[in-house]
Amino acid sequence: MYSDKVMDHFQNPRNVGEIADASGVGTVGNAKCGDIMRIYLDIDDDQVIRDVKFKTFGCGAAVATSSMATELVKGKTIHEALQVTNKAVMEALDGLPPVKVHCSLLAEEAIHAALWDYAEKNGIRIEGLEKPKSDIHEGEEEESEEY
């Protein structure tokens, strides 16, 4: 069962689209479920996120977490945006079913990937930001399948 906020952000997503010449663009996916999330950031000279847009291919929870994540980082500094965790996204949406928690991880990783892209383009280092994964399951042990 989804919360009213999840349903609202799924049915009326905020900040959908692309930003031409974005300051930073981050794309992450989840190979296991097929969700792909791309976040575009427009960051001003004071390192404040002026605008943010997203495009997501995935389930309703993926769309809702993308939408909420953009709301949480808009108007924030790059350092404040770095503090937006998957837990913060889930709390802002009044929770997610356990099988959909990975969608909030995608949102966090997409923000980090866009911040990483911004840092790379500007030759800066953002304290606490690590190189993002392109797939949220990257680095996990491969599950062996027996036939």
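A: Start with a term: a helix here is a DSSP run of at least four residues, and helices are numbered from the N terminus. Met68 is found in helix H2. Keep in mind that this is a predicted model.

Q: Is Met68 buried or exposed?
A: Met68 counts as buried, because its relative accessibility is 8% and the cut-off for buried is under 20%.

Q: Which residues does Met68 touch, leaving out those up to four places away in sequence?
A: Met68 touches His9, Val89, Ala92 and Leu93.

Q: And how far apart are the C-alpha atoms of Met68 and Arg14?
A: They are separated by 7.6 Å. Along the chain, Met68 and Arg14 are 54 residues apart.

Q: Now Glu71. Where is it?
A: Glu71 also has its place in helix H2. Glu71 counts as partly exposed, at 37% relative accessibility.

Q: What does Glu71 touch, again skipping residues up to four places away in sequence?
A: His9, Arg14 and Asn15.

Q: How far is Glu71 from Gly34 in space?
A: The distance is 24 Å, C-alpha to C-alpha. In sequence, Glu71 and Gly34 are 37 residues apart.

Q: Let's go to helix pairs. At what angle do H1 and H2 cross?
A: Roughly 90 degrees. H1 covers residues 4-11, and its axis comes within 8 Å of the axis of H2. That makes H1 roughly perpendicular to H2.

Q: Which residues make that contact?
A: H1 brings Val6, His9 and Phe10. From H2 come Gly60, Val63, Ala64, Ser67, Met68 and Glu71.

Q: How many of the contact residues are nonpolar, polar or charged?
A: The contact of H1 with H2 has 5 nonpolar, 3 polar and 1 charged.

Q: New topic. Why do salt bridges form at all?
A: Side chains of opposite charge can pair when their charged atoms come close.

Q: How many salt bridges are there?
A: The count comes to 8 salt bridges. One of them joins Lys74 and Asp51, at 3.7 Å from N to O.

Q: What does the Lys74 and Asp51 pair tie together?
A: Lys74 lies in the loop between helix H2 (60-73) and helix H3 (78-82), and Asp51 lies in strand S3 (residues 49-57), so the pair ties together parts that are 23 residues apart in sequence.

Q: Are those two buried or partly exposed?
A: Lys74 is partly exposed, at 35% relative accessibility. Asp51 is partly exposed too, at 22%.

Q: Are Glu127 and Arg125 buried or exposed?
A: Glu127 is exposed, and Arg125 is exposed as well.

Q: Last topic: how many disulfides does the structure hold?
A: It holds 0 disulfides.

Conventions
Residues are numbered from 1 along each chain as its sequence is written. This is a predicted model: local features need pLDDT of at least 70, side-chain atom pairs count only at pLDDT 80 or more; totals for chains, interfaces and linings use all residues. Side-chain values use heavy atoms; hydrogens and water are left out. A salt bridge is a side-chain nitrogen of Lys or Arg within 4 Å of a carboxyl oxygen of Asp or Glu. Helices (H or I, at least four residues) and strands (E, at least two) are DSSP runs, numbered from the N terminus. Buried means under 20% relative accessible area, exposed over 50%, partly exposed in between (1.4 Å probe, protein chains only). Axes are lines fitted to C-alpha atoms, for helices over the stretch in contact, and angles run from 0 to 180 degrees between N-to-C directions. Angles under 35 degrees count as roughly parallel, over 145 as roughly antiparallel, 65 to 115 as roughly perpendicular and the rest as oblique. Contact means heavy atoms within 4.5 Å. Ala, Val, Leu, Ile, Met, Phe, Trp, Tyr, Cys and Pro count as nonpolar, Asp, Glu, Lys and Arg as charged, and the others, Gly among them, as polar. A disulfide is a pair of cysteine sulfur atoms within 2.5 Å.
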